[in-house]
Amino acid sequence: MSRVYNFSAGPSMLPEPVLKKAADEMLDYQGCGQSVMEMSHRSKQFDGIIKDCEALLREVMNIPDNYKVLFLQGGCSSQFAMVPMNLMNKNHKADYVITGQWAKKAAKEAARYGEVNIVASSEDKTFTYIPKLDKSTFSKDADYFYICMNNTIYGTVYHELPDTGDIPLVADISSCIMSEPIDVSKFGCLIAGAQKNLAPAGLTIVIIREDLIGNAMDITPTMFNYKTHADANSLFNTPPCWTIYVAKLVLEWIKNEVGGLDKMKELNEKKAKVLYDFLDNSKLFKGTVVKEDRSLMNVPFVTGDKDMDAKFVEEATKAGFVNIKGHRTVGGMRASIYNAMPYEGVEKLVEFMKKFEEENA
Ligand code: PLP
């Protein structure tokens, strides 16, 4: 068996012990004679899985008791509509910071339901930085303030959160969930597709302060109302059972094998440093993001020559470093180095880049 190093922005690698455990239990989950893929979501076994998954998520992320955890479907893209439908409910207005395609899409969707105030944008420099926020541009009466915390395509991250006072901060954490500890109490609502750091595609996580639930717009479809899912403990309809099960295994891995999110952060910093240090000293490659806003998860880089980029991607792929091509809107390369990417994967990539540089610079 030969596994490649997958640098995809998502879906991405899963930890090997998780894949092995899932394979071991594939045909017979804990002696019940069936796979988790086959069992009823109302069964005793699945009840145990979803409860354990939520308890682990709460423990690992240190989620306060006054927050609900919802296991949903529809991807983070559905949240771009669910957030305004559920939260744009007093003044029908929200503040958005535009730091890339995902924030832009979220703002565009929200504008279908109310007034969207663009507080700041980094589009002037192809989203290579997180804009410094000036409070005078914040709305005094916004129903919420929205950021995309880690910008998967452009490789930037907020190292400091905006101070929004009493206005609930909503953050898309799709590409940084579980990569380091975050203070959940600073947010009104967190949304994330699970397919990068938590599970296979198909699960969407919402972590929301309880007092923000229950005031959705009248037009909100039942399935788009957070209250529907909060009241039913995420079992209003058939949830993505298999994906929730794998999320539970990933959380067990983070808790028991990694040692929690502080440790996860340490490993991620060590991994990212190898690549950033190389990029900072390379004669051929260079990172595209300003140093102070660099993401630990997504590392875009270029040679400055499209043909050379294409040659690198081709040779890297042949050498077993797959999905390293940059997003179609940016070009160049992007190494997504989520939790499950082993340190050796990044080390070997850097060795390969050094060799490529020697041969091509
Ligand atoms: N937000 C961010 C930061 C993402 O990286 C992505 C997908 O890559 C999305 C939202 C969209 O998520 P989904 O594909 O789950 O709808």
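Begin by selecting residues 4-349, over which the chain is 33% helix and 17% strand, with the end C-alpha atoms 11 Å apart; helices (H or I, at least four residues) and strands (E, at least two) are DSSP runs, numbered from the N terminus. UniProt, in an unreviewed entry, places the feature "domain: Aminotransferase class V" at these residues, and its positions are given in the numbering used here, with feature names shortened and annotations that may be inferred rather than shown by experiment.

Residues are numbered from 1 along each chain as its sequence is written. This is a predicted model, in which local features need pLDDT of at least 70, side-chain atom pairs count only at pLDDT 80 or more, and totals for chains, interfaces and linings use all residues.

Next, colour the chain by pLDDT, the predictor's confidence in each residue, from 0 to 100. The mean for the chain is 97, and 100% of its residues reach 70 or more; confidence is lowest in strand 11 (residues 286-287), at a mean of 96, and highest in strand 8 (residues 169-172), at 99. For the complex, the predictor gives an ipTM of 0.99 and a pTM of 0.98.

Now select domain 1 (16-257) and domain 2 (260-360) separately, with bounds that come from an automatic or database domain assignment. Their C-alpha centres lie 27 Å apart.

Finally, turn to where the domains meet: 22 residues of domain 1 are in contact with 23 residues of domain 2, contact meaning that the C-beta atoms, placed from the backbone, lie within 7 Å. On the side of domain 1 that touches domain 2, strand 7 (156-157) and helix 6 (241-258) are the elements that give two or more residues.

Conventions. Contact = placed C-beta atoms within 7 Å.
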